[in-house]
Amino acid sequence: NEGPVKSWHKSVCRYCGTGCGVMLGMDENKKLARVRGDEEAHNKGVICIKGSLLAELMEKKDHRLKQPMIRKNGKLEPASWDEAMTLVADKFKTSIKDHGPNSVAYYGSGQLFIEESYTANKLFKGGIGTNNVDGNPRLCMASAAVGYTQVFGKDEPAGCFDDIDHADTFFIIGSNTYECHPPIWERIMRRKDSGKDVKIIVVDPRRTKTADHADFYLPVVPGTDLLLLNAMLHVIVKEGWQSEEYVQQHINFKKGSDTVSFEEFKTFLEDYSPEKVEEELGVSAPQIREVAYYFAKAKSSMSLWTMGLNQRVQGVFLNNTMNSLHLVTGQINKKGATPLSMTGQCNACGGVRDTGSLSHILPHGRLIKKPEHRAEMEKLWGVPAGRIQPKPGYNALSLFQAMNDEKVKAVLVMCTNPAQSMPNIDHYKPGMEKTFMVVADAFDSETIKYADVVLPAALYIEKEGVYGQTERRYQLIEKLVEPYAESRSDLDILVDFAERIGYGDFISSKTSAEVWEEYRHLSSHSKYNFEGITRDRLKEERGLQWPCPDEKHPGTARRYIPGDPFVPQGKEVFFYGHKDGKANVFLRPYIRGNEQVNDEFPIYLTTGRVISQWHTGSMTTTVKELNTQSGPGRFKLHPQDASHYNVKTGDTIRVTSSRGTMTGKLEISELETPGVVFAAFYDKSFIINQVVSDDHDPYSKQPDYKVTRVKIEKV
Ligand code: SF4
């Protein structure tokens, strides 16, 4: 029954990195009336509860920002667009004039369109001349990006979701796929039910719903899973389960920047025998041997991970070593065998990683630190040599610290909510108070409380642009409704801002379609080449995966093997990110983190998402059905710990770390793990990031949201 639907339109869900294709049914009043999964898209018609309620989200007008606002005498007052943008431009220009370009910054989002992030990045790095461009993807996938780049010489995964239909062993680590990427989980279950001998291994300190369906569930002690990965490698090389051919032809073993022998790699692994690590890891030696066997000996092994590996003080080492397991066993470059880091946000891959919108990178895999990469981009953007600064700008943590220290005077925040999502948030709030903060968003949020200027932004199908999801697939969202009230697209805001601060000619592409043309042509100068992904093709096709160098090219599902346009003829495997075509396997030692439990803080806090809420909840908490499903934010504890602390469901507890304290309701659940208290971060009346540590990976600068030692008290 199509009910009131007058026309159906191909689109994409605006939430997570699965990037589900959806069909949007518009009624006779041009209102979004119905949503269903797109059977022709890669998600094969499956969507989750959040995607299915997109129409309800579009109707939550009461929670939307309606018109620009300027803070006067401590209070946000309505203003015209001209008043607001004049003030923004004046403050930025004055700051740049008086304190230099590094006194201003942009803090963006993996939820903006590619065209929007690209324009912001170009304006700040190539125009204003500051690398202070960062955003919330620093908090979610920086470790995966650095991990891939170190191993393959290029960011972004080699494989794709189609590999799920060919894998025999799934190694799921640090991902609650059941709740956070439901269509992916359903596809894994379909493979499991296909009659083949399929094994699912789940590694997670929490016994999630994903873990509940595993053939092998390994409840590792929080913060220790690099011990597991190295121990699996130890077993594999001891048993001779490595692929000799692959090791000899396609791998360089690396200790730092030095190339070492396979024998030295084996010697490094001596410290990681299952018997040596089992006590600290919390998983028995026989279990380690068993999962090493199923990983190495399967016809095709696929690993999937998200924040459990990325948001860690050893996030890059974990990502390196996850890739190493595939390389050493040859479980890569064939259907069903691939490492695949899944993205949290809808457009963190396409919008931020690919456009180079972080403080240390430039478009299409280029690095700020490389003079030849800076020179290339300066030429392509037509700016004077030396315009792009040679040092990375502030990353998320150092940016908010620089705001605390009054080094950054003005910041433009778009489509994100750092006052709820940053770890150790109370530490960074003074900086938000002191800095001239411009916030563009569609919904009210915690961050608006600190804004000096608020700009109402268009939401989802109120504007047009391209999203790039986990598997390098670009998909178009077309505009179907007019922006609510006075809101404008983030691209319109950026173009207006650029003109008012004197970069109107430099930001010459003013519409989404024009920016896409500029951007896709730019890609042809790189190994990301997607010149063939035209706007017209995006309108017709269910997304295209890059590389895709010309308009006849079908896109590339699997990189580094024949079919990838950059693999030389005659080569079966070629990792073209490195000159010799080989991938790096690093010797990565496990280092005990600072947040190990002790007498003062005897239990671990770990945080994550739930199926029906999206990140800080500024959108999804407006939808009644989603709130009913999730309930309010709360702590979760295993019955064994509940008995130790003499608490029960419904009690109020206080959870304290060395960073901060939070008081909230408690739920006791058999699904939790002894020794770990869990909290999700969607509820603005329950901001768990007040307690979460801001320790971070030294290479990716990504904070560790997964391991904070705390104490619990009954209130
Ligand atoms: Fe798909 Fe993610 Fe949207 Fe759910 S939230 S429908 S899994 S893209």
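I sorted the shell around the ligand by class and got eight nonpolar, four polar and one charged residues. For this, Ala, Val, Leu, Ile, Met, Phe, Trp, Tyr, Cys and Pro count as nonpolar, Asp, Glu, Lys and Arg as charged, and the others, Gly among them, as polar.

I noted that this is a predicted model, where local features need pLDDT of at least 70, side-chain atom pairs count only at pLDDT 80 or more, and totals for chains, interfaces and linings use all residues. Residues are numbered from 1 along each chain as its sequence is written. I checked confidence: mean pLDDT (the predictor's confidence in each residue, from 0 to 100) is 97.

I then looked up who sits around the ligand. Of 13 residues, Cys13, Cys16, Cys20, Cys48 and Gly51 come nearest; a residue is near if its C-beta atom, placed from the backbone, lies within 6 Å. Domain 1 (5-59) and domain 3 (142-342) both give residues to this shell, so the ligand lies between them. The domain bounds come from an automatic or database domain assignment.

Next I turned to domains 2 and 4. Their centres, taken over C-alpha atoms, are 30 Å apart. I found 16 residues of domain 2 in contact with 19 of domain 4, contact being C-beta atoms, placed from the backbone, within 7 Å. On the domain 2 side that touches domain 4, I listed six nonpolar, seven polar and three charged residues.

Last, I took Val438. Leaving out residues up to four places away in sequence, Val438 touches Val88, Leu412, Val413, Ala451, Asp452, Val453 and Leu455.

Note on methods: Two residues are in contact if their C-beta atoms, placed from the backbone, lie within 7 Å.
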